[in-house]
Amino acid sequence: MAQDLQGNPLLGANPAAVVAFDEALRAYATYHGDPVAALDRGIAAAPECAMLWLAKAWLYGLATEPGATAMARDFVARAQALAGGKREAAHGEALARLLAGNWTSAGLVLERWQAEMPHDLLALQSGHLIDFFSANARALRDRVARVLPLWRDVPGESWVMGMAAFGFEEAGDYARAEDLGREAVERDPRDSWAHHAVAHVMEMMGRPQDGLGWMIAREPYWASDDDNLQVHNWWHRALCHIETDDIAGALALYDGPVRRGGLGLALPLADGAALLWRLEMQGADVGTRWEELSDKWEGHEAPGFYAFNDLHAAMAHVGAGRFDRAGRLLSGASGDSEAAGWMRRYGLPLVEGVIAFRRGDYDLAADRLMQARHISGGFGGSHAQRDVIDWTLAETAIRGRMPGLAEALARERLATRPHSPVNRSFLRRAVALREA
């Protein structure tokens with residue numbers, strides 16, 4: 001029986017298909033290369049190999065794009081018409097739950113499967129992304145930590161270390177996360193996920209100068225044209241510029257590599273919206289940039305499909321003054337899927353909050369943002385990405401002349417990043433309100 005690089009069965013595969021499958025999984029884990037193109041070559045060589053179709057379904061199903069999700073359903077159907085074993089059944093079941101909007105349930109199927117097959121890289125990477133998209137910090141840490149010791153000398157060990165680095169970072173173990181991330185990129189310098197895990201550590205610890213040094217020194221590896229995470233990594237570098245009070249430098253990154261990198265998919269669009277939102281709150285004149293983002297979001301919206309995207313689309317729309325477009329996103333809380341529940345619990349108050357903030361209704365904005373800012377196991381994104389919510393809330397309290405709340409929020413932020421110029425500015429402005 002054919003096997004992939006880690007020794008897992010690939011029913012129906014021939015040598016050419018195995019090579020293509022392994023190439024796709026390397027690209028999937030490191031964000032370098034084109035995993036879809038590799039899988040398409042494998043399917044052309046062995047169309048009866050169900051795992052090739054299931055791997056493609058994971059790539060599309062985890063894109064948080066409504067159109068891609070519909071295509072993923074078709075790929076799963078094709079796989080289910082082919083011969084399969086326990087591996088195919090586990091992936092098929094997890095995908096069915098994911099594509100129905102039940103992210104946590106899908107992740108649990110993969111957890112059970114990993115207990116039997118810890119070297120299934122496709123299951124590990126897909127489960128890791130499920131945990132990320134559902135904001136489940138414990139699962140991000142534990143899913144990978146429990147299998148990492150079993151990957152010693154197994155092909156792809158360094159990629160698993162990069163996943164573990166991100167999991168430990170989101171769980172607050174910054175020292176271990178940085179050590180693992182640095183070792184992972186030493187072993188495979190083109191592992192953009194591991195590189196980005198270290199960038200997250202520096203962001204969360206308030207080390208923007210270290211972050212700039214890290215990003216600049218390794219730019220040839222993560223900023224190449226075949227890097228699928230480059231827009232997000234440029235976003236990380238822009239955050240470092242903001243934290244060092246280089247607003248012009250951050251805006252130049254938005255106008256340059258962020259826009260050039262492709263604002264054509266929901267995830268890069270979210271990075272673009274979050275960056276412009278922060279820059280504008282810091283006093284930057286963003287001109288007509290919001291109009292472009294708002295226009296681009298139009299093709300990626302399905303209210304309630306993925307609440308994290310809805311929040312960032314709302315930012316773009318209200319930034320452009322298109323409150324009617326933002327209001328349409330409030331219609332997406334129906335249904336009994338987990339994703340619909342995320343919209344009801346988090347998405348609706350957050351979208352209402354940014355609409356109220358932009359309208360200058362700061363009392364309403366503070367009420368809505370405070371309802372939903374403590375996100376755990378739902379809505380998605382990293383701590384660094386979700387920080388835009390707390391940032392907006394702090395700005396709301398200051399603009400709304402709420403000195404007690406403004407000072408409390410500023411000190412909350414300074415407790416974890418005491419040297420942050422942004423956080424220190426919040427405290428100065430809050431104290432000035434009280435003294436006025």
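Let's start with Val76, which sits in helix H4. Val76 is buried, with a relative accessible area of 6% (buried means under 20% relative accessible area, exposed over 50%, and partly exposed in between, using a 1.4 Å probe and protein chains only). Keep in mind that this is a predicted model, where local features need pLDDT of at least 70, side-chain atom pairs count only at pLDDT 80 or more, and totals for chains, interfaces and linings use all residues. Residues are numbered from 1 along each chain as its sequence is written, and side-chain values use heavy atoms, with hydrogens and water left out.

**Around Val76**

- Helices here are DSSP runs of H or I with at least four residues, strands are E runs of at least two, and the numbering goes from the N terminus.
- Setting aside neighbours within four places in sequence, Val76 is in contact with Ala57, Leu95 and Leu99 (contact means heavy atoms within 4.5 Å).
- Val76 and Gly92 are 16 residues apart in sequence, and their C-alpha atoms are 6.6 Å apart in space.

**Helices that pack together**

- Two packed helices are described by the angle between their axes and the distance between the axes.
- Axes are lines fitted to C-alpha atoms, for helices over the stretch in contact, and the angles run from 0 to 180 degrees between N-to-C directions.
- Take helix H6 (residues 103-116) and helix H7 (residues 121-133): their axes come within 9 Å and cross at roughly 150°.
- H6 and H7 are therefore roughly antiparallel to each other (angles under 35 degrees count as roughly parallel, over 145 as roughly antiparallel, 65 to 115 as roughly perpendicular and the rest as oblique).
- H6 and H7 make a left-handed crossing (left-handed if the near helix is turned anticlockwise from the far one by less than a right angle, right-handed if clockwise).
- On the H6 side, the residues that meet H7 are Trp103, Ala106, Gly107, Leu110, Trp113 and Gln114, and on the H7 side they are Ala123, Leu124, Ser126, Gly127, Ile130 and Phe133.
- The residues of this H6 and H7 contact split into eight nonpolar, four polar and no charged (Ala, Val, Leu, Ile, Met, Phe, Trp, Tyr, Cys and Pro count as nonpolar, Asp, Glu, Lys and Arg as charged, and the others, Gly among them, as polar).
- Now for helix H17 (residues 289-297) and helix H18 (residues 307-319), which pack at an angle of about 135° with their axes 7 Å apart.
- That angle makes H17 oblique to H18.
- H17 passes H18 in a left-handed crossing.
- H17 brings Trp290, Leu293, Ser294 and Trp297 to the contact, while H18 brings Asn309, His312, Ala313, Met315, Ala316, His317 and Gly319.
- The residues of the H17 and H18 contact divide into six nonpolar, five polar and no charged.

**Aromatic rings**

- Rings of Phe, Tyr and Trp (its six-membered ring) pair if their centres lie within 6.5 Å, and planes under 30 degrees apart count as stacked, over 60 as edge-to-face and the rest as tilted.
- By this rule the count comes to 20 aromatic pairs.
- In one of them, the rings of Trp53 and Phe75 have their centres 6.1 Å apart and their planes at 35°, so the pair is tilted.
- Trp53 lies in helix H3 (residues 50-61) and Phe75 in helix H4 (residues 66-80), so the pair ties together parts that are 22 residues apart in sequence.
- Trp53 is buried, and Phe75 is too.
- The rings of Trp277 and Phe357 have centres 5.7 Å apart and planes at 45°, so this pair is tilted.
- Trp277 lies in helix H16 (residues 266-281) and Phe357 in helix H20 (residues 338-359), so the pair ties together parts that are 80 residues apart in sequence.
- Both Trp277 and Phe357 are buried.
- There's also an aromatic cluster, whose members include Trp103, Phe133 and Trp342.

**Loop residues**

- Ser134 is in the loop between H7 and helix H8 (137-145), and Ser134 is buried at a relative accessible area of 2%.
- Not counting residues up to four places away in sequence, Ser134 touches Trp103, Trp342, Gly377, Gly378 and Gly380.
- Ala135 lies in the loop between H7 and H8, and its phi is near 55°, a positive value in a residue other than glycine.
- Ala135 counts as buried at 6% relative accessibility.
- Arg401, in the loop between helix H22 (383-399) and helix H23 (403-416), has a phi near 55°, again positive in a residue other than glycine.
- At 54% relative accessibility, Arg401 counts as exposed.
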